[in-house]
Amino acid sequence: MSKLHVSTTVNGDTVEYLCDPRETLLDCLRDKLNLTGAKEGCGTGDCGACSVTVDGRLVCSCLMLGVEAEGKQIETVEGIADGDILHPLQKKMIEYAALQCGICTPGVLVAAKSLLEKNPNPTEEETRYWLAGNLCRCTGYDKIIRAVMDTAAEMREAS
Amino acid sequence: MALDDRKSDFTFVGTRPNRPDGLDKVTGRAKFGADISAPGMLHGAILRSPHAHARIVKIDTSKAEAHKDVKAVVTRADFSDKVEFKPGLSGEFWNVLENVMASDKALYDGHAVAAVAATSALAARDALKLIEVEYEVLPHVTDVDKAMAPDAPIIREGAADYSVPEGMHPNVVRYHESGHGDVDAGFAEADLVIEDSFATEATHQGYIEPHACMGSLGSDGKGELWCTTQGHWIAQKTCAALLGIETSQLRVTASEIGGGFGGKTTVFIEPVALALSRKANRPVKIVMSRSEVFRATGPTASASMDIKIGMKKDGTITAAQGIFRLQGGAFPGAPGDMTAMCAFAPYNLTNVRQVGYDVMSNRPKQAAYRAPGAPMGAFAVESVLDELCNQLGLDPVDVRLKNAAHEGTKASYGPTYERIGLVETLEAAKAHPHYSAPLKPGQGRGISCGFWFNHGGETSVSLALSEDGSAQVMVGTPDIGGSRASMALMAAEVLGIPYENIRVTVADTATLGYNDVSHGSRVTYASGLATIKAARHAVEQLCARAAASWGIPADAVKWENGCAVPSGPNAGDFDPRPLADITAHMGATGGPISGHFEATPEGAGVSFGTHIVDAEVDPETGKTSITRYTVIQDAGKAIHPTYVEGQYQGGAAQGIGWALNEEYIYGDDGRLQNSIFLDYRIPVASDLPMIDTVIVEVPNPGHPFGVRGVGETGIVPPLAAIANAVSNAAGVRMKQLPMSPPRILAALKDNG
Amino acid sequence: MVDVHLWSGLRSLTGGQQVVAVEAKTTGDLLRELVRAHPQLQAPIDAGVSIAIDGRVIATGLTEPIPEGSEVFLMQRLRGG
């Protein structure tokens, strides 16, 4: 099968790749652009480890084809920090020990950032339902929820 | 080690610094199993049996081999023929090989039968369709009780070991019986005897990272393997045996690991990648799909259990008996013995008898899952205890306190306990506000205790000091839950230098001596003990250098707050020499200063926990909500308390999944029906409440700082505690897990 | 002499005895002497055993000393997750 040329923007950089029409956006990010921060935990959109935003919308990159990224703005975990300055969510995740193995962390961060952009003052219930698409098997979510809510509080104070 | 020798005042231990790998993990930089590539790399894919039980008549790989994108195809013939079949677990290499690649029979749905390496992942997947396998389908069995019945299909003759009594079905491969006293006499003394049967389904460890590896093996017998694993030395040893190469010629590097919980203590795809690489003469990467993970890797055992317990009106247990039948897939290894030995371990019993069976069926080879075997037994035993308390009108914590094991108690599995912390966890439960909080209508509360042995295991640690006074520590136990932070804290405590000045690395198999797997809750205990001793070894040399510079004997110098100081007024009057002052000149004063420790620490110290759970059952839908959860567990000494809490919370969450939702569902055809996360539902954030924790610290006499492992015990009480809460809320005893909405509705209906 | 307590499932291999007295100063001696006294115990020992000395579980070590008068139990080899 011949490959298709895709031109897109990832974390603000213009990038191009050739992909098989069957390859997912996740495959393309990981295998063609070497952006291995997004993880494949299931390949069926159930675990959220591959979460990215496409034109500002939170999606599972394993459920989107690489060719569909043409002309879009993609944001991944690699783009969350501003140079050497970590995003408040990243700092709080470390501070709260909201990760044990860390495999779900990239997806949780992308999803939580997306939540706080839409709702700067989420309740615990809203936070839990927003992150219900991001499976974590290590933490029982307790410390993740606390980290996200504390980040929200801190960002509200700062703004 | 005498209790008095143990350190009890700490500078670094017990603090909560940020983990050293935090930045890498929040920026996407950390390299997990699938995050690797190499020049010339091929992609592997594995063909799996669609049948639960079938004779492999013929495999024709010629069409696949002829395809231009395919560079190698392997079947069982490409692995070592020197690995011997032996009964029970003594032939474990053979069992692993047979699981990695089927020989004469496919033994379960998903069993590997052939593999290809091709130029892309898509090409490899496509090429699998070109392999033709002729199967002769055989009768199958997936249920533990049916697998023991006289007419059950035989999975493999000759797999039973010495322990199995005569007359049992060949699928029963190991038997365990232990206990003490006279249970019949004990039951006769009881005011109330309850006898009941319980069942649990197989669950998967459910780590979010699928198995992934990249292997490279040349015709010179030298190889490299990168993989996500709980133990790269066991991967090295097993792959070498399965491929017929020398162990030391294979270097294995452990990637960052995306969860294991016992499921990554063995190999699945690693020997296949190496076999493909040897044939293609190029590196081969294999990454499992989620469906492959469910179908072909480690679920836990399913269980069928009969419990009988007698109690006096005052709550004294007079006798206890348990029969535990565990199904562990198509190979020996189901931990029926562990279930039996752990089930009654929290209690001081005069009369106890426990029997465990290890039974084979046409399911994937069970793998360890967090305190393997213990949660099922606790579910059955603690359910009967709860029912006894209900019927005799007794408080469940008081009854457990009355019967609790303590130092000097003869354990149900034989020996006399050393200092243990069960009573302390029960007292903390009784005093906790959760235990006295009022319940709303429709809610129920459940209590359960849990026990796990913990493990030591072979351990090597090496520590090297740098000229600038910083230290690097090489450990061999993959870091699953923040253990690098704990190791750095323990090294800082001994060396007296800041936590931040220590870098801990998980070394590969070529740069450190042998290490047992990160399992058995052993990492903070055993690698921690080894880190402390390696640091003390370096301190001895630091003291010797200072002594030499002062012209006094080495034993006249002691180490205090990161400095060498004279040990007393008679030793002389010298200014303290900080670590960095000594290391700055180490090259010229005797050479590099390093410390190391190699041993098999044998003092892991058993551990206990008590959980309190509130559950609410919706009688319309049968759905259960966990409204409040408290974990109380003895950690011995919490090195990094936040990560100890994390272990408690994670164990509870996994237990909630096991109790309420998770199960392997097989169709009549013997095929797994729910091999994706949509259908195999692990707890999500909106399913759970916050999980409160109480860290009890009853020091372990076998560790310099008092550490007991904490990783596994936390999953032992939840199944029972939740079942007790649900049963009390629903007004009907739940005897089968998971307590999914249809099961609860059926139980409510049967109860009228 | 050390009294070694076996788990009850092993009685069929020792002619009904659940406690076997052997001369042993280390865990290694103990296993060797058990087999000398009851050759059929070789099978469970090969399959994997641990030894508890005064409540401390020795998972694998063959060189652990057995102090005079200590309580000794043979146990099935422990496995972890």
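When I say helix or strand today, I mean a DSSP run: at least four residues of H or I for a helix, at least two of E for a strand, numbered from the N terminus. By that count, chain B has 20 helices and 26 strands. One caution before going on: what you see above is a predicted model.

I'll start with how the chains are arranged. Two pairs of chains are in contact, and of these, chains A and B share the most contacts. Chain A and chain C have no contact between them; their closest C-alpha atoms are 14 Å apart.

Now chain B in outline. Its C-alpha trace spans about 85 × 75 × 50 Å along the principal axes. Does the radius of gyration fit a compact globule, or depart from one? It fits: a compact globule of 752 residues would come out near 27 Å, and chain B has 27 Å, so the two agree. Of those 752 residues, 62% count as buried. If we take contacts in chain B with a separation of 6 or more, 80% of them are between residues 24 or more positions apart.

The largest nonpolar core has 324 residues. The residues with the most contacts inside that core are Val116(B), Val272(B), Val473(B), Ala491(B) and Ile722(B). Helix α16 of chain B, residues 523-550, provides the largest share of the core, with 14 residues.

Let me take one of those residues and look around it. Which residues does Val272(B) touch, leaving out those up to four places away in sequence? They are Gly44(B), Ile46(B), Val74(B), Val100(B), Met101(B), Ala115(B) and Ile286(B).

Three strands form an open sheet in the order β20-β21-β22, with antiparallel pairing. β20 (557-560) and β22 (577-578) of chain B are the edge strands, each pairing on one side only. Between β20(B) and β21(B), residues 563-566, the antiparallel pairing runs over four bridges. As background, the strands of a sheet pair through backbone hydrogen bonds, either parallel or antiparallel.

On to chain A. Chain A is divided into domain 1, residues 4-79, and domain 2, residues 88-158. The C-alpha centres of these two domains of chain A lie 22 Å apart. Where they meet, 14 residues of domain 1 of chain A are in contact with 11 residues of domain 2 of chain A. On the domain 1 side of that contact, strand β3 of chain A, residues 51-54, gives the most, with three residues. That side divides by class into seven nonpolar, six polar and one charged residues.

Now the contact between chains A and B. Chain A puts in 44 residues and chain B puts in 42. Which elements of chain A give two or more residues to the side that touches chain B? They are α2 (88-95), α3 (105-118), α4 (124-130) and α5 (142-158) of chain A. The largest share comes from α2(A), with four residues. By class, the chain A side has 22 nonpolar, 11 polar and 11 charged residues.

The other contact is between chains B and C. Here 40 residues of chain B meet 27 residues of chain C. On the side of chain B that touches chain C, β7 (172-180) and α10 (336-343) of chain B each supply at least two residues. β7(B) has the largest share of that side, five residues. The classes on the chain B side are 14 nonpolar, 18 polar and eight charged.

Last, chain C itself. Chain C has two helices and five strands, which follow the pattern β-β-α-α-β-β-β along the sequence. Its C-alpha atoms fill a box of roughly 35 × 30 × 20 Å along the principal axes. With 81 residues, a compact globule would have a radius of gyration near 12 Å, and chain C agrees because its own value is 12 Å. Buried residues make up 40% of chain C. Of the contacts in chain C with a separation of 6 or more, 48% are between residues 24 or more positions apart.

To recap the arrangement: chains A and B share the most contacts of the two touching pairs, and no contact joins chain A and chain C.

How values were computed:
Residues numbered from 1 in each chain as written. Chains lettered and ligands numbered in written order. Predicted model: local features only at pLDDT ≥ 70, side-chain atom pairs only at ≥ 80, totals over all residues. Contact = placed C-beta atoms within 7 Å. Nonpolar A, V, L, I, M, F, W, Y, C, P; charged D, E, K, R; others polar. Core = buried A, V, L, I, M, F, W, Y, C linked by C-beta atoms within 7 Å. Buried ≥ 20, exposed ≤ 12 C-beta atoms within 10 Å, placed from the backbone. Domains from an automatic or database assignment. Rg over C-alpha atoms; globule rule 2.2 N^0.38 Å. Pairing = 2+ DSSP bridges.
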